[in-house]
Amino acid sequence: MTNAAWDRHHIVSLADFRPVEYETILETALSFREVLSRRTKKVPALQGQVVTNLFFEPSTRTRSSFELAAKRLSADILNFSPGSSSLSKGETILDTAKTYLAMGTNLMVIRHAQAGVPSTIAREMDRLGVGVGVLNAGDGQHEHPSQALLDLFTLCTALNQQTPTIYDLQGKKIAIVGDILHSRVARSNLWSLTACGAEVHLAAPPTLLPKAFLAAFQTPLEMPQGFLKRQIYLHWQLAPALQDADFVMALRLQRERMSEHLLPSLREYQRSFGLTRDRISRCRPTVKILHPGPTNRGVELSSDLMDDPELSLVSRQVTNGVAVRMALLYLMGGVESNGVRE
Amino acid sequence: MTNAAWDRHHIVSLADFRPVEYETILETALSFREVLSRRTKKVPALQGQVVTNLFFEPSTRTRSSFELAAKRLSADILNFSPGSSSLSKGETILDTAKTYLAMGTNLMVIRHAQAGVPSTIAREMDRLGVGVGVLNAGDGQHEHPSQALLDLFTLCTALNQQTPTIYDLQGKKIAIVGDILHSRVARSNLWSLTACGAEVHLAAPPTLLPKAFLAAFQTPLEMPQGFLKRQIYLHWQLAPALQDADFVMALRLQRERMSEHLLPSLREYQRSFGLTRDRISRCRPTVKILHPGPTNRGVELSSDLMDDPELSLVSRQVTNGVAVRMALLYLMGGVESNGVRE
Amino acid sequence: MTNAAWDRHHIVSLADFRPVEYETILETALSFREVLSRRTKKVPALQGQVVTNLFFEPSTRTRSSFELAAKRLSADILNFSPGSSSLSKGETILDTAKTYLAMGTNLMVIRHAQAGVPSTIAREMDRLGVGVGVLNAGDGQHEHPSQALLDLFTLCTALNQQTPTIYDLQGKKIAIVGDILHSRVARSNLWSLTACGAEVHLAAPPTLLPKAFLAAFQTPLEMPQGFLKRQIYLHWQLAPALQDADFVMALRLQRERMSEHLLPSLREYQRSFGLTRDRISRCRPTVKILHPGPTNRGVELSSDLMDDPELSLVSRQVTNGVAVRMALLYLMGGVESNGVRE
């Protein structure tokens, strides 16, 4: 259950992921997608292991996806829900994590409204030397790696159904449209897509895409495959981002943005940045549309686009999410550690 | 895993159920009741399949019953709870259902406070051609088929312990007492009991049983077994309904009815329609009492009636609920579809 | 699956537990701790059995521990949560328990904010003759037996790693510090520790440790092993309790106590009764510290004590909790009953 190309205990951020790691995830997820097409959809890979979902910020959709992935790897699952928890009794987040560690947790899937919590817990697990892996399932406006990785899987398999690789993405133009500033999904995608050689075009109103945004992504990337430096472009209008795009990713628009005066109204946003059939005619004829969900129909994209099986990859993203999360839990579960786990 | 007498993908309403279908459910549930009496109570019938409980209206009791039924068929279970969900984020109900479909759901058990939601989702599943079955676990004041089917099972096995059939119900007098107007349980029971040839007597205060209520049940029923037309009688007093009854079903009285001025008080209701040992002396000596639960003791029926094992079938209804729900999931799971499922 | 030294259906209180029973639990938990160290951590002991968690008072930590214990015994688990339940619909607690009984529950794990609820349900199960075991997971300020039993296991294995027995506790001095008056953990521990021959020293401010407290523990105990009568000492200061102590158990301090004017402030409490490195220097050099969790760091004990692996047994308590709860469910599940279960 070990993989030569994989030596990560934790998946907290994609900032330092190397192309070989994306490729390993892609291959592993492909084999699990094959498992999911069989009549018996289970493998015993994590039998006897405990996967704990520590969702400090509630989420039904992402938690269900991780839960199903863990079940199909034959793991036992514990769900921590903050509502009825020790947190309201004054326990620190680290102590909560350590309690689940002491119960026998092998892998922790962590969501928290504050950026940095999964990373803090991961560091503590390393300090304790317990060999427990931490998977960031969304932390504040920081990152949401498993979403970006299922997006990557969806893009590559859309481009090449037989033998998809991350190299299929090289030189492809991908537009990401919406509330970039507050999106952990966009941040994780920026790391993965540019590392695989895609050209990323961000489109949003200036309030949701300040110039300073790019600074964080200037970190030099080791490019053993001869890739160019990260190619990211900013647009304050939709048209140039969509022009000849191979893929368009719409981001979810949070209604709170209006009370924060970052947006005049949903209708105003829709008029300038909502995706419609007419507008995507600027894209390449083979264009496909992605959305991490849940969608506000008629705001981020029109209902007819979302429901068009020729155009929309939204359902496929959800389906791929289970296979990709199986791959992540499987890979993390196979890392040898200092004796506590095997 | 297919059954010649069963070709339904969905169980949303009992309005068009044929006697042969009730008979198939009865027989299948009998065999599962036998399984449940064994030391090892599991069968691998739904191994690798995903049963998703979409309970938009919360319920612990019915959800637990479906959960246990699915576990004993070896299915994997996902629970959707609306509290911490995407619904509050603006997602439509259909999109929520489609998300769980895309994750790999094979059977959906749906409860919603609004009538028609399970039916809408079932139609969408058919439109998509995905072969996913929808089971209505209670929608508004419309129907609650699995409750009526476990009631049917409980009645038939009470009449004939060795070889129960639905024909045992022919000509039997069954009183349903309580808040008929708002009861999805009563509606589903009206379809099933009359289709099996029982005579149903409804008893309630006029505010909870308007004359117009009956109109919906005049639909002609194909009666291959020579059954008469549906026999339903209305009473605004308790006595004539109980007179010589073989069974009495008490319905749950919702306290909200008083704030809606449909009832003066619980005490007032109890005085006219509450079941007591004295009152049921009008029934046949072999009479048995049913209640779908949860009960307001001393309101719908007196505590001593509820706890008398000679009279009350309330516990047996709950026990039979697991076997009947296993039968429903099993039968739905075995319907051949257009290639997506087997 | 039966054990000669075990004939209890229910574990509601430790008041009448005999030393041989503690010894049986210790031995059984030791063998499960060995199971948990294997790669495959499951045993089929409760296959096909249903363990229902009836947590009327919410708790994530204790419920997770019981859930994992039940899963590792291969039981099926139902979780009852009061939020979305029939209770708000007027159902009595006994009727809720009987509903889960009728569904097929074999063992019930019950937590309730009111003392006596588990005992009431246990008596009802006995009256019905259904052979269903009840385990008290904390009832009001009464008892929390599984916590005291995991504490016992932790103490004995700390004293004797190779062949721990309850006799290792004889003559040991154990200080329990904190809100004794309101603590169900302290009450259960008082029964178990004194029955095993330990000397228990209670330390708390007078408002949280009235003299009358001891009255309940004067019940004579049958002492076949030549043990002395229960040895319990009260202190209104910390120092005499800690003097030469072998173990110190800190109890959780509930913030509500201040609004009840039982405590001036957390800081005031900490200044007089908070455990610090300096204060525990009065204890024996081999002293170890326990806390049932969740902890208020810096109130009941200082952060450096809690995190010192040489001193703190807090994590080990959590780990042992799973093995001890497996032992309890296993032992209860093996009691022969009057034919309903095997």
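Visitor: In which helix of chain A does A:Arg184 lie?

Guide: In this predicted model, A:Arg184 lies in helix H6 of chain A, which covers residues 184–195. The UniProt annotation "binding site", from an unreviewed entry, covers this residue together with A:Lys89 and A:Arg252.

Visitor: Why does A:Arg184 count as buried?

Guide: Buried means under 20% relative accessible area, and A:Arg184 has a relative accessibility of 13%, so the residue counts as buried. Leaving aside residues up to four places away in sequence, A:Arg184 touches several others, among them A:Glu57, A:Arg111, A:Asp139 and A:His144.

Visitor: What makes the pair A:Arg184 and A:Glu57 a polar contact?

Guide: The cut-off for a pair of N or O atoms is within 3.5 Å, and the side chains of A:Arg184 and A:Glu57 are joined at 2.9 Å.

Visitor: How do you know which strands pair with E8(C)?

Guide: Two strands pair if DSSP finds at least two bridges between them. Strand E5 of chain C, residues 173–177, has four bridges to E8(C) in the parallel sense, with C:Ile174 opposite C:Phe247. Strand E9 of chain C, residues 288–290, is joined to E8(C) by three bridges and also runs parallel, and there C:Leu290 is the bridge partner of C:Met249.

Visitor: Which way do the residues of E8(C) point?

Guide: C:Phe247 and C:Met249 point one way, C:Val248 and C:Ala250 the other, and all are buried. In a regular strand, side chains alternate between the two faces of the sheet.

Visitor: What relates chain B to chain A?

Guide: A rotation of 120 degrees, with 0.1 Å of shift along its axis, superposes chain B on chain A with an RMSD of 0.0 Å. That is the relation of a three-fold axis.

Definitions and conventions:
Residues are numbered from 1 along each chain as its sequence is written. Chains are lettered from A and ligands numbered from 1 in the order in which they are written. This is a predicted model: local features need pLDDT of at least 70, side-chain atom pairs count only at pLDDT 80 or more; totals for chains, interfaces and linings use all residues. Side-chain values use heavy atoms; hydrogens and water are left out. Copies are superposed by least squares on the C-alpha atoms of residues with pLDDT of at least 70 in both. UniProt positions are given in the numbering used here, feature names are shortened, and annotations may be inferred rather than shown by experiment. Helices (H or I, at least four residues) and strands (E, at least two) are DSSP runs, numbered from the N terminus. Buried means under 20% relative accessible area, exposed over 50%, partly exposed in between (1.4 Å probe, protein chains only). Contact means heavy atoms within 4.5 Å. A polar contact is a pair of N or O atoms within 3.5 Å; within protein, one must be able to donate a hydrogen and the other to accept it, and residues adjacent in sequence count only if both atoms are side-chain atoms.
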